[in-house]
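Visitor: I would like a close look at one part of this model. Please start there, then show me what surrounds the story.

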Amino acid sequence: MITALEAGLFVFVLGCAVAAALLRDVLGSIIAFSAYSLGIAIIWVFLRAPDVGLTEAAVGAGVMTILFLLTIAKTVRPAGERTFERVDLRAAGVAIALVAVLSTTLFALPAVGSADSAVATDEVTNYYLANAYTEAGVENAVTAVLAAYRGFDTLGEAVVVYAAGVGLLLVLDREVFG
């Protein structure tokens, strides 16, 4: 069901999330957040959504890391010897309970790539496979789905990446070069 690589990736992402939340050092927390975002991008690729993974890598691991680094360059490092923040045990208990409740839904999901999953047997999927080549006029069904059937969704993803890049260039121009 879950391979050792997927389990290792999950543990890596979970560890990075906990480290990003608990590290007192802001630079260490930013690095942990960047690694977390990169791990999430790889998970999206494992889930066969490379477009979402690319967006996560570009915006989450790339642009956000640069913006966070620019932010801490203009702030003061907190005093103190502690490496980790104090944990509010009641809030942590609520968070763990919420994750446990939400995790129960994972067992209802079909395996990734399963032939009997709802995605593989759905009418929409069958329609795309039967008509994508003739209606979209392309030679690849994935291209037809991304560019024709889900064109607005793909356009929205491109706008997010473009806006993040423009925003980053504006900030870099003002903060670094201005």
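Which way do helix 6 and helix 7 lie to each other, roughly perpendicular or roughly parallel?

Guide: Keep in mind that this is a predicted model. Now to the pair. Helix 6 and helix 7 pack at an angle of about 75 degrees. Angles from 65 to 115 degrees count as roughly perpendicular. Helix 6 and helix 7 are therefore roughly perpendicular to each other. Their axes are 9 Å apart. Two packed helices are described by the angle between their axes and the distance between the axes.

Next, find the residues. On the helix 6 side, look for Tyr127, Tyr128, Asn131, Ala132, Tyr133, Glu135 and Ala136. On the helix 7 side, look for Ala141, Ala144, Val145, Ala148 and Tyr149. Sorted by class, this contact of helix 6 with helix 7 holds ten nonpolar residues, one polar and one charged.

Two of those names return when you look at rings. The whole structure has four aromatic pairs. One of them joins Phe33 and Tyr36. Their ring centres are 6.2 Å apart. Their planes stand at 35 degrees, so the pair is tilted. Phe33 and Tyr36 both sit in helix 2, three residues apart, which means about one helical turn between them. Phe33 is partly exposed, at 27% relative accessible area. Tyr36 is also partly exposed, with 27% relative accessibility.

Now go back to helix 6 and helix 7. Tyr128 and Tyr149 form a stacked aromatic pair. The ring centres are 4.4 Å apart, with 25 degrees between the planes. Here the partners come from distant parts of the chain, 21 residues apart. Tyr128 lies in helix 6, which covers residues 123-136. Tyr149 lies in helix 7, which covers residues 141-149. Tyr128 has 23% relative accessibility and counts as partly exposed. Tyr149 has a relative accessible area of 26%, so Tyr149 is partly exposed too.

Phe33, Tyr36 and Phe68 form one aromatic cluster. Phe33 is in helix 2 and Phe68 is in helix 3, and both take part where the two helices meet. The axes of helix 2 and helix 3 come within 7 Å. They cross at roughly 170 degrees. Over 145 degrees counts as roughly antiparallel. Helix 2 and helix 3 are therefore roughly antiparallel to each other. Helix 2 brings residues including Val26, Ile30, Ser34, Leu38, Ala41 and Trp44. Helix 3 brings residues including Pro50, Val52, Ala57, Ala61, Met64 and Leu69. The residues of this contact divide into 17 nonpolar, five polar and one charged.

Zoom in on Ser34, a helix 2 residue. Ser34 has 17% relative accessibility, so Ser34 counts as buried. Setting aside neighbours within four places in sequence, Ser34 touches Ala61 and Thr65. Ser34 and Ala61 are 27 residues apart in sequence. In space, their C-alpha atoms are 4.7 Å apart.

Follow the chain out of helix 2. Arg48 is found in the loop between helix 2 and helix 3. Arg48 is exposed, at 61% relative accessible area. Its backbone deserves a glance. Most residues other than glycine have a negative phi. Arg48 is not a glycine, yet its phi is positive, about 65 degrees.

Thr55 comes next, in helix 3, residues 50-73. Thr55 counts as buried, because its relative accessibility is 18%. Beyond its neighbours within four places in sequence, Thr55 is in contact with Gly60, Glu157 and Val161.

Helix 2 has another partner. Helix 1, residues 4-22, packs on helix 2, residues 26-46, at about 150 degrees. Their axes are 8 Å apart. Helix 1 and helix 2 are therefore roughly antiparallel. The crossing is left-handed. By class, the contact of helix 1 with helix 2 has 16 nonpolar, two polar and one charged residues.

Methods: Residues are numbered from 1 along each chain as its sequence is written. This is a predicted model: local features need pLDDT of at least 70, side-chain atom pairs count only at pLDDT 80 or more; totals for chains, interfaces and linings use all residues. Side-chain values use heavy atoms; hydrogens and water are left out. Axes are lines fitted to C-alpha atoms, for helices over the stretch in contact, and angles run from 0 to 180 degrees between N-to-C directions. Helices (H or I, at least four residues) and strands (E, at least two) are DSSP runs, numbered from the N terminus. Angles under 35 degrees count as roughly parallel, over 145 as roughly antiparallel, 65 to 115 as roughly perpendicular and the rest as oblique. A crossing is left-handed if the near helix is turned anticlockwise from the far one by less than a right angle, and right-handed if clockwise. Ala, Val, Leu, Ile, Met, Phe, Trp, Tyr, Cys and Pro count as nonpolar, Asp, Glu, Lys and Arg as charged, and the others, Gly among them, as polar. Buried means under 20% relative accessible area, exposed over 50%, partly exposed in between (1.4 Å probe, protein chains only). Contact means heavy atoms within 4.5 Å. Rings of Phe, Tyr and Trp (its six-membered ring) pair if their centres lie within 6.5 Å; planes under 30 degrees apart count as stacked, over 60 as edge-to-face and the rest as tilted.
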